[in-house]
Amino acid sequence: MFEEFLGLPAHPLITHSAVVLIPLLAVLAAVYALAPRTRAATTWAVLGLAVVAPLATLAARQSGIAFKEGRFSSASGQLGERIAEHESFGTPLTLVVAGLGLAALGLVYVTRGDRFGRPVVLAASALTVVLAVAAGYYVARAGHSGAVAVWAD
């Protein structure tokens, strides 16, 4: 399922959705956490991205595994090292984005109404911002290492 799409390798195609959705989730979740006045305008976007971005990340990771097994299982030397470096970011990125998605959903939940006190909202906001920064870091590292694996001489 994750190996090809219309005869093309699926990984480069699927990866672009994650490369777009992860930074969008990170930025909007951080804005939601840090700028309470924007919450009414960003709630639905944060909720949607909190679900879709982790799924896109998981699909990118699974397609990457299939891509490596199907075309690069015997890669060695410098190419093998570049692929291994790129692959090393897959699991941390997937976990951080899943955590960010859950944190963003939790933040939206705790900011709705006055059911929770300020300390809970501040803790959820802080967690969301930390995970947003981590997601930005890992998506940049994964993207850069993938580009280097493909395009560097």
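## Basis of the model

The model is predicted: local features need pLDDT of at least 70, side-chain atom pairs count only at pLDDT 80 or more, and totals for chains, interfaces and linings use all residues. Residues are numbered from 1 along each chain as its sequence is written, and side-chain values use heavy atoms, with hydrogens and water left out.

## Overall fold

The chain has five helices and two strands. Helices (H or I, at least four residues) and strands (E, at least two) are DSSP runs, numbered from the N terminus. In sequence order the pattern is β-β-α-α-α-α-α. Along the principal axes, the C-alpha atoms fill a box of roughly 55 × 30 × 20 Å.

Of the 153 residues, 37% count as buried. Buried means under 20% relative accessible area, exposed over 50%, and partly exposed in between (1.4 Å probe, protein chains only). The chain exposes about 8800 Å², of which carbon and sulfur atoms supply 69%; accessible areas come from the Shrake-Rupley method with a 1.4 Å probe, and for residues only the protein chains shown count as cover. A contact means heavy atoms within 4.5 Å. Among contacts in the chain with a separation of 6 or more, 77% join residues 24 or more positions apart.

The 25 residues of α1 should span 36 Å at 1.5 Å a residue, and its end C-alpha atoms are 36 Å apart, which agrees. The expected span of a helix is 1.5 Å times one less than its number of residues. Buried residues of α1 include H11, L21, I22, L25 and Y32. Their cover includes β1 (4-5), β2 (8-9), α2, α3, α4 and α5.

Helix α5 (residues 118-151) has 34 residues and reaches 49 Å from its first C-alpha to its last, close to the 50 Å expected. Among its buried residues are V121, T128, L131, A132, A135 and V139. The cover over the buried residues of α5 includes α1 (10-34), α2 (39-71), α3 (77-88) and α4 (90-111).

## The nonpolar core

A nonpolar core is a set of buried Ala, Val, Leu, Ile, Met, Phe, Trp, Tyr and Cys residues joined through side-chain atoms within 4.5 Å. The largest one has 32 residues, and those with the most contacts inside it are I22, L25 and L100. Helices α1, α2, α4 and α5 each supply at least two residues of this core. Leaving aside residues up to four places away in sequence, L100 touches L25, A26, A29, T128, L131, A132 and A135.

A50 lies in helix α2. A50 counts as buried because its relative accessibility is 5%. Apart from residues up to four places away in sequence, A50 touches L25, G101, A104 and L105. The C-alpha atoms of A50 and A98 are separated by 8.2 Å, although these residues are 48 residues apart along the chain.

V51, V52, L55, L102 and L105 make a nonpolar surface patch of about 440 Å². Patches are made of residues with over 30% relative accessible area and no salt bridge; like charges are joined within 9 Å, nonpolar side chains (Val, Leu, Ile, Met, Phe, Trp, Tyr) within 5 Å. A salt bridge is a side-chain nitrogen of Lys or Arg within 4 Å of a carboxyl oxygen of Asp or Glu.

Helices α2 and α4 each supply at least two residues of the patch, and α2 gives the most, with three residues. V52, in helix α2, is partly exposed, with a relative accessible area of 42%.
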